[in-house]
Amino acid sequence: LDPHPVQGKTPSMIVEDDGRRLPGGLSLSRAVWSLAPDHLAIVGVVVGMGSIAGVLATTGGAGLSVLMLVIPVLAALLVRPGGVAVTAGSQPFLHGLVHAAAARTGAPPPTRVRLVAEVSVSADTHWGRRELRIGQPLLSCLTADQLTVLVAHALAILHHDRPMLVCALHRRWADRAIDAGRAGSRRVVGGLAEGVDRFGQVVAGAADAAVVGLCGAGDAAWAFAVEATAAMAHLDFVLDSGGSPRRVHHTLIEDLDDGWQTLLDHGVPGDWWDEDAAAALAAQHPGLAEELTALGTRSLELKKPAGRVWVEPLTRRERRRLVRTTVGRPAEGMRWVRYATAPARWWVGRAAREADGVRDLVAEVLGRRPVDTGELLDVLFNRSGEALELAVAAVLRAEPDAGPGEVAREAGDPTAAVALLLEHALLERGWLLEHPAVRGVLVSPTGARLVADDLAARAVDDHEARGEVLALITDI
């Protein structure tokens, strides 16, 4: 499956196969069979190529026309999104970090390094090239040492004979590990052959051991926790403020990463990081399971750290390429705006939809619409338990497999609900968001600044603050 096995591996990094088996004693035939459900498209390509050969042999020039029609289809199936190339000339600091990480773990450096939109660090082979893919959004919330941990871990998985097969099978195992971790198990056998579970444990455990040798288990575990939290926070950011609103199908925000940077400047609470998330990550990292489980009880706030990775500015074309990949839009027919030039009605409409959701929840608690703003706030502040139960029930109806942590995050809390109402009310009164990527920080036409979360939090126990909230929301 891979005609170019890598030589020179160190015993501490990897458990070698015997030429016929993969790590953990997994046979090649079992490995390929385990991946078959995920790669039916490849089977179709192989069959299609055989058919093309037959057509060309029997139809001559007409067959060439058929081939020209099929080539774009094959390209769409086989060519992955490119991202932005990282070279010693374009990104010297990042390029040097990758090569230093490879040297410290005994792995050869990758053939190609690319900045991508996905919020992760991963390695794979593509057309025989060993490729490392680094998520651009991660570079704003990781230190250089933490990024080194993630790079070294990815390179350790790539540092195997038959890396294409090993990387693909490890991804499948890691996806199942998330479900196993949430179910309270470190074993991933459900839905996979037991041999595949052994393979995943061996490959992931060896990669974990490689990074523990760099910085210690505690620091390595924290780097993975930050990566996982950043992935969820960035997804929420894109859905919330990074992409253009619904119904605006051909407009994209060019300075998406600037919005992410601004959000990190304010700090992003790690609401996604809890014991459930830690258990899922621990199942993916058997060599760090104890440390990750312990981290599940700690709070984690995302912010720009000191000593983070220096990234040279990207060109406009490169920035737009990453934005298109992030939001899943094609290159053709797009209109580009910046946060500063995006219509204010976008953000007013967003706030209105979310405020309507809060009012609908209160109406469900009461069995009717609230008679006035006072009754609306009374339910949010004094009957929040009932509102929470209804919100949890709604989440579970939509996602029956959601874990307790997910339910709590999606259900929200009274302070957050009141902050949404405040944001909507103030935007309707002519206030503006200080930055559309940062929710609830508003500036009045006269320059006054208000943080909705702070006022909502004070209003929980302070009647004067509650009166201020009531005055701002009334008649909106």
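Reader: Where is the place of Thr143?
Author: In this predicted model, Thr143 lies in the loop between strand 6 and helix 5, the latter covering 144-158.

Reader: Is Thr143 buried or exposed?
Author: Thr143 counts as buried, because its relative accessibility is 18% and the cut-off for buried is under 20%.

Reader: What does Thr143 touch, not counting residues up to four places away in sequence?
Author: Thr143 touches Pro305, Ala306, Gly307, Arg308 and Val309 on that count.

Reader: How many bridges join strand 5 to strand 6, and which way do they run?
Author: Six bridges join them, and the two strands run antiparallel. Strand 6 spans residues 129-135.

Reader: Which residues stand opposite each other in that pair?
Author: Asp124 faces Glu131 of strand 6, and Val121 faces Ile134 of strand 6.

Reader: And strand 4, parallel or antiparallel to strand 6?
Author: Parallel: strand 4 (residues 112-116) pairs with strand 6 over five bridges. Across that pairing, Arg114 stands opposite Arg133.

Reader: How many residues of strand 6 are buried?
Author: Six of its seven residues are buried, which leaves strand 6 mostly covered.

Reader: What about the hairpin of strand 5 and strand 6, how many residues between the strands?
Author: There are two residues between the strands, and Trp127 in that hairpin takes a positive phi near 50 degrees. Trp127 is a residue other than glycine with a positive phi.

Reader: Is Trp127 buried or exposed?
Author: Trp127 counts as exposed, because its relative accessibility is 65% and exposed means over 50%.

Reader: What is phi at Arg162?
Author: Phi of Arg162 is positive, near 55 degrees, again in a residue other than glycine. Arg162 sits in the loop between helix 5 and helix 6 (163-182). Arg162 counts as buried, at 16% relative accessibility.

Reader: Switching to the core. Which residues touch the most other members of the largest nonpolar core?
Author: Val121, Leu132, Ile134, Leu147, Val151 and Leu302 do, out of 120 residues in that core. As general background, nonpolar side chains tend to be buried together in soluble globular proteins.

Reader: What does Leu302 touch?
Author: Leaving out residues up to four places away in sequence, Leu302 touches Val226, Thr229, Ala230, Ala233, Trp260, Leu264, Gly267 and Val268. Trp260 and Leu264 are among the buried residues of helix 9 (residues 256-266).

Reader: Now the surface. Which residues make the nonpolar surface patch of about 310 Å²?
Author: Met232, Leu235 and Leu239 make that patch. Leu239 is in helix 8 (residues 217-242), and Leu239 is exposed, with a relative accessible area of 68%.

Reader: What is the order of the open sheet of three strands?
Author: The order is 11-12-13, and the pairing is antiparallel. Strand 11 (432-433) and strand 13 (449-451) are at the edges with a single partner strand each, so one side of each has no neighbour in the sheet.

Reader: How many bridges join strand 12 to strand 13?
Author: Three bridges join strand 12 (residues 441-443) to strand 13. In that pair, Val443 stands opposite Arg449.

Reader: Which strand is Ser27 found in?
Author: Ser27 is in strand 2 (residues 26-27). Ser27 is buried, with a relative accessible area of 19%. The C-alpha atoms of Ser27 and Gly195 are separated by 8.3 Å, although the two are 168 residues apart along the chain.

Reader: Last, the totals. How many helices and strands in the chain?
Author: The chain has 19 helices and 13 strands. Of its 476 residues, 47% count as buried. The chain exposes about 22,700 Å², with carbon and sulfur atoms supplying 57% of it.

Notes. Residues are numbered from 1 along each chain as its sequence is written. This is a predicted model: local features need pLDDT of at least 70, side-chain atom pairs count only at pLDDT 80 or more; totals for chains, interfaces and linings use all residues. Side-chain values use heavy atoms; hydrogens and water are left out. Helices (H or I, at least four residues) and strands (E, at least two) are DSSP runs, numbered from the N terminus. Buried means under 20% relative accessible area, exposed over 50%, partly exposed in between (1.4 Å probe, protein chains only). Patches are made of residues with over 30% relative accessible area and no salt bridge: like charges are joined within 9 Å, nonpolar side chains (Val, Leu, Ile, Met, Phe, Trp, Tyr) within 5 Å. Accessible areas come from the Shrake-Rupley method with a 1.4 Å probe; for residues, only the protein chains shown count as cover. A salt bridge is a side-chain nitrogen of Lys or Arg within 4 Å of a carboxyl oxygen of Asp or Glu. A nonpolar core is a set of buried Ala, Val, Leu, Ile, Met, Phe, Trp, Tyr and Cys residues joined through side-chain atoms within 4.5 Å. Contact means heavy atoms within 4.5 Å. Two strands pair if DSSP finds at least two bridges between them.
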